Amino acid sequence: MVFEMSKPQARVHAVMAENYGLIRRDEALRAPGMTAAMIDGLLQRGRWEAVQRSVYRVAGGYVPGEQAHLAAVWRAGDDAVLTAEPVMALFGVEGFALGHGPVVLCPRHRRVRGVQYEVRYRELSRGERAKSGPIAIAVPSRAFVDLAARVRGKAFRVAFDSARRLGLVSTSKLARSADAALPQHGARWVLDLVTSGILDQESEGERVVARLFEGHSPPLEFQAWLLEGVRVDAVWRDARLVVEYDGKAHHTYPADREHDRRRRARLRAAGWSVFVVTNDMLGDLAGLRRRILRRRETRLRQLA
């Protein structure tokens, strides 16, 4: 059977296409010619179905992963935003998927009842709000503070590293968001994490290298700019020795490998020695430390 679609309904479906297949009842009623009786008829005949209260989609239509999150924010009302794990997933941060249930922040004066997702009550400033497509979200740095309520340790650091590579966050933005969120659960932990300096390195492999030479004199300098457009993971300037971590996570694509090859060639041409640490080397940390220190001693003799 072929169903004819009225012009008002066609207008509403065009709006749905821009909102992951969803429409709010109040928005549908603003479409010229659309009435409450028409909406109720579509629901009664099974042409539309409710995703959340007063939030509808076409029955049997394609359901993108973002749909549940947009529906949750709309159901929670004005000034509600998505945060924590779902925001990580929207931006493709490592370790997160859209299948995680919505986590929504609402103003303290409101109560959202009868929903199947997590609602937290917090006040956000205008600067802590953003959009990902049609979905209102907490800015990534604030979403990380909310994430810290239950995700910490390596999982949090790996996520932060991934988001930083995507250009979403920085340690300074994270610290400002955590300070603004105090005394929220997790905010103090985030501030302590930033203060510890562990986020100064940009991968877990770099952190292993940092711990390997903790207390060594002179200390390794991390995230240093040596040439125009060339920043290195770590360096001993006195020995002109660069230590780079080459992890699988962000050195998979041929373009990435070619970029690293060119930048390391520039460093060597400028008189720097480059020691590349791979994941396999991390299996023998004592041996790795000896190898790097031997390279340092050799470089110091060469430069004497």
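Helices (H or I, at least four residues) and strands (E, at least two) are named here as DSSP runs, numbered from the N terminus. The structure is a predicted model.

Most residues other than glycine have a negative phi, and most peptide bonds are trans. Against that background, A84, which is found in the loop between β4 (81–82) and α5 (85–90), has a positive phi of about 55 degrees although it is not a glycine. With a relative accessibility of 0%, A84 counts as buried. Q223, which lies in strand β9, is likewise a residue other than glycine with a positive phi, in this case near 50 degrees. Q223 is buried too, because its relative accessible area of 17% falls under the 20% that marks a buried residue.

| Residues joined | Peptide bond | Omega |
|---|---|---|
| L182 and P183 | cis | about 5 degrees |
| S217 and P218 | cis | about -5 degrees |

Of the prolines in this table, P183 lies in the loop between α8 and α9, while P218 lies in the loop between α10 (204–212) and β9 (221–227), the latter being the strand that holds Q223.

**Helix α8 and its neighbours**

The axis of helix α8 (residues 171–181) comes within 8 Å of the axis of helix α6 (residues 140–147), and the two cross at roughly 60 degrees. That angle makes α6 oblique to α8, and the crossing is right-handed. On the α6 side the contact is formed by S141, R142, F144 and V145, which meet K173, L174, S177, A178 and A181 in α8. Sorted by class, the residues in this contact are 5 nonpolar, 2 polar and 2 charged.

The buried residues of α8 are L174, A175, S177, A178 and A181. Viewed down the axis of α8, these buried residues fall within an arc of 165 degrees, so they line one face of the helix. An α-helix has 3.6 residues a turn, so residues three or four places apart point the same way. On the other side of α8, R176 and A180 are exposed.

Key. Residues numbered from 1 in each chain as written. Predicted model: local features only at pLDDT ≥ 70, side-chain atom pairs only at ≥ 80, totals over all residues. Heavy atoms only, no water. Axes fitted to C-alpha atoms, helices over the stretch in contact; angles between N-to-C directions. Parallel < 35°, antiparallel > 145°, perpendicular 65-115°, else oblique. Left-handed = near helix turned anticlockwise from the far one by under 90°. Contact = heavy atoms within 4.5 Å. Nonpolar A, V, L, I, M, F, W, Y, C, P; charged D, E, K, R; others polar. Buried < 20%, exposed > 50% of the residue type's maximum accessible area, 1.4 Å probe, protein only. Arc of directions from axis to C-beta.
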